[in-house]
Amino acid sequence: MTTILLAEDDLSLRKKYEDSLKKENFIVILACTAEEILEKFRCHRPEIIISDTVLANETYGNEACEELHRKGELENKLVIGISSSAQSRNSWYGVAYAFYNKNFLGDEIGKIIRSEYESYLTTSRKSLSFTKV
């Protein structure tokens with residue numbers, strides 16, 4: 001089964017997203033700060049990271065993912081940025097494969113991520129330069 005690290009600090013959204021992802025047979029690991037992203041990614045090595053831009057304790061999911069990217073830890077990993085602010089899209093450029101506005105995800109996030117992952121697996125991942133965002 002595919003493992004997802006889901007970083008979301010809003011408890012109700014996190015539960016909704018977790019339930020939807022589990023319905024698509026993903027294993028879900030939860031984080032709510034940038035520090036937890038780094039810690040849990042390095043411990044569990046998930047295939048997918050889904051992260052809100054602004055997290056708890058004034059930390060930023062995109063910055064945690066940028067650090068992982070700089071250190072070469074995101075090779076062959078799917079990163080998806082999410083935010084309720086469309087302006088956050090630019091924060092994910094060069095790091096994320098895709099970006100979604102949380103206002104439009106709803107209960108369908110599991111199906112959306114399943115589709116993104118299948119698409120990602122069929123691309124030439126080694127030559128992918130994070131240009132979908």
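Arg45 is found in the loop between α2 and β3. This is a predicted model. Arg45 has a positive phi of about 50°, although it is not a glycine. The side chain of Arg45 also meets that of Glu73 in a salt bridge. The protein around it has four helices and seven strands.

**Overall fold**

- From the N terminus on, the elements run β-α-β-α-β-β-β-α-β-β-α.
- The radius of gyration is 13 Å, close to the 14 Å that the globule rule gives for 133 residues, so the protein is as compact as a globular protein of that length.
- Along its principal axes, the C-alpha trace spans about 35 × 30 × 30 Å.
- Of the 133 residues, 50% count as buried.
- Take the contacts with a separation of 6 or more: residues 24 or more positions apart account for 63% of them.

**Positive phi angles**

- Most residues other than glycine have a negative phi.
- Glu58 has a positive phi of about 55° and is not a glycine either.
- Glu58 is found in the loop between β4 (54-55) and β5 (59-60).
- Glu58 counts as exposed because its relative accessibility is 72%, and the cut-off for exposed is over 50%.

**Salt bridges**

- Side chains of opposite charge can pair when their charged atoms come close.
- The count comes to nine salt bridges.
- Arg42, Arg45, Glu67, Lys71 and Glu73 are linked in a network of salt bridges.
- Glu73 is buried, with a relative accessible area of 18%, whereas Arg45 is partly exposed at 39%.
- Arg42 forms a salt bridge with Glu67, and the closest N and O atoms are 3.5 Å apart. This pair also links distant parts of the chain, 25 residues apart: Arg42 is in helix α2 (residues 34-44), and Glu67 is in helix α3 (residues 61-70).
- Both ends of that bridge have intermediate accessibility. Arg42 is partly exposed, with a relative accessible area of 32%. Glu67 is partly exposed at 22%.
- Glu18 forms a salt bridge with Lys22, with the closest N and O atoms 3.1 Å apart. Both residues lie in helix α1 (residues 11-23), four residues apart, about one turn of the helix.
- Glu18 is buried, with a relative accessible area of 12%. Lys22 counts as partly exposed at 43% relative accessibility.

**Aromatic rings**

- The count comes to one aromatic pair.
- The rings of Tyr97 and Tyr120 have their centres 5.2 Å apart and their planes at 75°, so the pair is edge-to-face.
- The pair links distant parts of the chain, 23 residues apart: Tyr97 is in the loop between β6 (78-83) and β7 (98-101), and Tyr120 is in helix α4 (residues 109-122).
- Tyr97 counts as buried at 5% relative accessibility. Tyr120 is buried too, with a relative accessible area of 3%.
- A charge also sits over a ring: the charged end of Arg114 lies over the ring of Phe26, 4.1 Å from its centre.

- Asp52 has its place in strand β3 (residues 48-52).
- Its relative accessibility is 5%, so Asp52 counts as buried.
- A polar contact of 2.9 Å joins the side chains of Asp52 and Lys102.
- Leaving aside neighbours within four places in sequence, Asp52 is in contact with Ala7, Glu8, Asp9, Gly61, Ile82, Ser83, Trp92 and Lys102.

How values were computed:
Residues are numbered from 1 along each chain as its sequence is written. This is a predicted model: local features need pLDDT of at least 70, side-chain atom pairs count only at pLDDT 80 or more; totals for chains, interfaces and linings use all residues. Side-chain values use heavy atoms; hydrogens and water are left out. Helices (H or I, at least four residues) and strands (E, at least two) are DSSP runs, numbered from the N terminus. Buried means under 20% relative accessible area, exposed over 50%, partly exposed in between (1.4 Å probe, protein chains only). A polar contact is a pair of N or O atoms within 3.5 Å; within protein, one must be able to donate a hydrogen and the other to accept it, and residues adjacent in sequence count only if both atoms are side-chain atoms. Contact means heavy atoms within 4.5 Å. Rings of Phe, Tyr and Trp (its six-membered ring) pair if their centres lie within 6.5 Å; planes under 30 degrees apart count as stacked, over 60 as edge-to-face and the rest as tilted. A charge sits over a ring if NZ of Lys or CZ of Arg is within 6 Å of the ring centre and within 35 degrees of the ring normal. A salt bridge is a side-chain nitrogen of Lys or Arg within 4 Å of a carboxyl oxygen of Asp or Glu. The radius of gyration is taken over C-alpha atoms; the globule rule is 2.2 Å times the number of residues to the power 0.38.
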